[in-house]
Amino acid sequence: QTCALPSGVSTCALAVVEGNQVSSHSKAGVIVAGAQGVAVVAGNTVSYCRVGISARESEEVLVQSNTVKHCEISCLTCYRVRCLQLSGNTFCEARKSVVSLDSVGCASVHGNLVEGGRMHGIMVCGQPMEGAAVEISENRVRYCGWSGVFVRTGPQKCTVRGNQILQCGIAGVEVRAAEDQDDEPVTAASLPSMVAANTISACSVGLSAAHCAVVAEGNLLWGLKMGLKLSRGCLAAVLGNFCEASGVIGNGAGGSLACLSGSVLFAEGNELYSRNSAAVFVEQGVRQAVLRRNVLCSDCTAVVIRDSEAYVVENFIYNTPRGVEVQDPSRGPLQCLHALGNTLESCGTALVLFPAPEDREVARVFEELNSIRSDEREFEPLTLRHACECLDLQRSHAVVQVAELPQHHGEVEEVLRAFSRLFHSSLMGSAASTSDNR
């Protein structure tokens, strides 16, 4: 069925709305409502409507190769659509979120251009349908007032992969708990969202995750105030990302990776560079943080730990005035910082304790368990080119592997095993059996 009315309305078992030009409609340019079969919306041009394309309470909707611009609310809204595919569309300029998916089932948002939302570029929210899974992949998202991709997680699996996100006011990707889960603790049973292989630049924050479980793997984060921000009891694995950040956002936090307020962090195989703030900041009240086999560089401090328990294991810390800084340790520095097998090169001061203890026991233990190499070179403003030339870096492909650590640091091994089981079993597919064997 082809609809040539100003507003195409489909309630059929099989419907095609194709090749129409719709403009200046007070409700929506194209409406798909109550479709029991397949509804296809393809090749339409919709502009200056309240909503460009609206799909609600339908079984299967395919939205392909449409151009939707200058909408009063959103370019596309979906509510309780069981199977949704958005591909090859151009969605530009909306006064709220450009694409809004509310309470959907299985949804694929692939290969679209999304730009110019006063709120979010792509927003996923509401109560997911049974068996829900959302994948947002290979889209170009830019020039949004809030976040490029905003996900309210529920019991569905959500994957944000391979997108290019540019110049968004709050975050490139923002992941938060569903509204009805705000008061529930994040545990190993929480299904993590996957944020992988995205390129995010010129945003305030690259990835912001709050009160949810998330895996961030293989992202390129560049030209940001803060790279990754984990807050409100987030449970996160940060694997093989490259991040360059400059700036401070509240409470002294900033830089490439900030772990805040009751969160749990496992970070491995990342390359983290920061100007004007620490490369890694662990705030007071964090439940636990594990930093393992990362490359860390800052013109300030590589790692700041503020009265929280942190395991800093086998990292390479380079060209930094202060290597590791422990602030206000209420239980004593040795109870906050477990540092083993790190290499600190060209660091002005390897370990800074604030306030400074009267004896040097902590510093002596730190020097025994870590390799410290220094020279007389002047510290230079960090640039990506300089870092790559100095370190001859190759992008990391992080797979959590638990190494045998000395017996007196067995608690580190146990923490790594716990993270390995949690994230590999839920997201890595075939790697799950390998993780279990470990």
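Residues are numbered from 1 along each chain as its sequence is written, and side-chain values use heavy atoms, with hydrogens and water left out. Because the model is predicted, local features need pLDDT of at least 70 and side-chain atom pairs count only at pLDDT 80 or more, whereas totals for chains, interfaces and linings use all residues.

The average pLDDT (the predictor's confidence in each residue, from 0 to 100) of the protein chain is 82, and 77% of the residues score at least 70. Two segments are considered separately. Over residues 1-8, pLDDT stays under 50, and the model has 23 contacts beyond four places in sequence for this segment; a contact means heavy atoms within 4.5 Å. Over residues 376-413, pLDDT likewise stays under 50, with 84 contacts beyond four places in sequence.

The secondary structure of the protein chain consists of 5 helices and 40 strands; these are DSSP runs numbered from the N terminus, with helices being H or I of at least four residues and strands being E of at least two. Of the 438 residues, 57% are buried, where buried means under 20% relative accessible area, exposed over 50%, and partly exposed in between (1.4 Å probe, protein chains only). The accessible surface amounts to about 17600 Å², and carbon and sulfur atoms contribute 48% of this; areas come from the Shrake-Rupley method with a 1.4 Å probe, and for residues only the protein chains shown count as cover. Among contacts with a separation of 6 or more, 54% involve residues 24 or more positions apart.

With a disulfide defined as a pair of cysteine sulfur atoms within 2.5 Å, the count is 0. For C49, the closest cysteine sulfur is that of C71, at 6.1 Å, which is too far for a bond. C49 is buried at 2% relative accessibility, and C336 is buried at 0%.

The whole structure contains 2 aromatic pairs. Rings of Phe, Tyr and Trp (its six-membered ring) pair if their centres lie within 6.5 Å; planes under 30 degrees apart count as stacked, over 60 as edge-to-face and the rest as tilted. The ring centres of F242 and Y273 are 5.5 Å apart and the planes stand at 45 degrees, so this pair is tilted. Because F242 belongs to strand β28 (residues 242-246) and Y273 to strand β31 (residues 271-275), the pair ties together parts that are 31 residues apart in sequence. Both F242 and Y273 are buried. The rings of F316 and Y318 have centres 5.9 Å apart and planes at 20 degrees, so this pair is stacked. F316 is partly exposed, with a relative accessible area of 22%, while Y318 is buried at 8%.

In helix α2 (residues 361-369), V362, A363, V365 and F366 are buried. These residues cover an arc of only 165 degrees around the axis, and therefore lie on the same side of α2; the arc is that of the directions from the helix axis to the C-beta atoms. The buried residues of α2 pack against β37 (316-327), α1 (333-336), β38 (337-340), β39 (343-354) and β40 (371-373).

G227 is located in strand β26 (residues 226-231) and is buried, with a relative accessible area of 0%. Residues up to four places away in sequence aside, G227 touches V205, G206, L207, L221, C243, A245, G255 and S256.
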